[in-house]
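Hi everyone, thanks for making time for this. I'd like to walk you through one structure today, so let me put it up on the screen.

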Amino acid sequence: MAHTRRKLAELDPVWGQIAQEAKAAIADEPLLGGLIHSSVLHHGTFESALAYRISLKLTSNEMPEQILREICDKALASDPEIGLAARADIVAVNDRDPACDRFLLPLLFFKGFQAIQAYRIAHWLWTTGRRDLARFFQMRASEVFGVDIHPAARIGKGIMIDHAHSIVIGETAVVGDNVSMLHSVTLGGTGKEEEDRHPKIGNGVLIGAGAKVLGNIRVGNCSRIAAGSVVLQEVPPCKTVAGVPARIVGEAGCDQPSVKMDQLLGVRGTDDDASD
Ligand SMILES: CC(C)(COP(=O)(O)OP(=O)(O)OC[C@H]1O[C@@H](n2cnc3c(N)ncnc32)[C@H](O)[C@@H]1OP(=O)(O)O)[C@@H](O)C(=O)NCCC(=O)NCCS
């Protein structure tokens with residue numbers, strides 16, 4: 001068993017670390033043993049654990065957990081990018097959230113992480129033509145996590161949504177890689193545009209709590225949007241904007257993906273613009 005776990009840690013370091021942290025967490029708090037065993041140690045792969053966790057969170061009287069589990073299993077098996085993006089999200093949360101000190105925590109307890117993974121399944125359903133089922137996932141994620149992401153939105157990997165109350169991301173929004181957002185962020189329309197009407201957020205952007213980014217505008221790579229801003233115009237790369245309506249107030253540096261993330265995931269840098 002120890003040999004298998006060692007092998008696992010070499011092949012899939014994120015999952016290997018989660019499994020190790022799970023055992024330590026049970027030793028530390030035996031009352032969490034049932035939850036951690038069924039959520040982590042019972043599973044042979046990260047994908048299996050993720051499918052279990054998402055389906056358990058989204059089930060209701062309207063939809064049995066088993067059906068949701070089958071959908072999640074199928075999505076994760078058909079598109080390996082979903083599992084890779086989820087690993088990048090875990091590493092991102094652990095790197096950027098000072099309240100997170102283990103890979104285990106987002107999988108078990110952080111609704112921002114769980115909501116993004118529910119969106120990833122919904123997006124797979126949407127792109128494979130099962131749009132009503134995708135909308136069911138959107139509704140349940142909104143009810144359970146307070147995060148309302150249209151399944152057609154396109155979102156990169158290495159995403160952190162901290163606290164995750166009241167997040168709205170519209171149908172034609174695009175979010176690049178390594179983006180962080182705090183609670184109460186809206187990526188919405190102004191109501192004055194039709195069709196392609198939502199923001200295009202570049203790579204490495206930080207969006208502060210309560211910020212509203214409205215309209216089909218580009219937010220350049222590595223820019224920073226201050227808490228409470230209302231952004232109505234394009235933001236150039238590497239600028240800080242603040243205010244209502246938002247104006248440029250300074251320069252912004254770009255955090256490159258950490259060495260740890262590079263090692264664990266082999267993710268590329270943040271130099272291409274995800275906005276399109
Ligand atoms: C208010 C609104 C309808 C635009 O109204 P409008 O009369 O067409 O306004 P304009 O775009 O012509 O802008 C007029 C001025 O108001 C400012 N303005 C527009 N919307 C604003 C807002 N929400 N907050 C603060 N200022 C705003 C503009 O910057 C502009 O200022 P300026 O003349 O100094 O450049 C729109 O911006 C809005 O807020 N819609 C609601 C969007 C929303 O809630 N979306 C969420 C979807 S999930």
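I'll talk about the ligand site and then about a sheet. One thing to keep in mind from the start: this is a predicted model.

Let's begin with the ligand.

Gly-189 uses its backbone here: one of its N or O atoms sits 2.8 Å from a ligand nitrogen. Thr-190 also takes part through a polar backbone atom, 3.0 Å from a nitrogen atom of the ligand. With Lys-192 we move to the side chain, where an N or O atom is 2.5 Å from an oxygen atom of the ligand. And how much of the ligand does the protein bury? On its own the ligand exposes 900 Å², and the protein buries 38% of that.

On to the sheet. As a reminder, strands in a sheet pair through backbone hydrogen bonds, in either a parallel or an antiparallel way. Here we have an open sheet of six strands with mixed pairing, and the order is 3-6-9-12-14-15. At the edges are strand 3, residues 160-161, and strand 15, residues 247-251, each pairing on one side only.

Let's zoom in on one pair. Strand 9, residues 206-207, runs parallel to strand 12, residues 224-225, and two bridges join them. Within that pair, Leu-206 stands opposite Arg-224 of strand 12.

Terms used
Residues are numbered from 1 along each chain as its sequence is written. This is a predicted model: local features need pLDDT of at least 70, side-chain atom pairs count only at pLDDT 80 or more; totals for chains, interfaces and linings use all residues. Side-chain values use heavy atoms; hydrogens and water are left out. A polar contact is a pair of N or O atoms within 3.5 Å; within protein, one must be able to donate a hydrogen and the other to accept it, and residues adjacent in sequence count only if both atoms are side-chain atoms. Accessible areas come from the Shrake-Rupley method with a 1.4 Å probe; for residues, only the protein chains shown count as cover. Two strands pair if DSSP finds at least two bridges between them. Helices (H or I, at least four residues) and strands (E, at least two) are DSSP runs, numbered from the N terminus.
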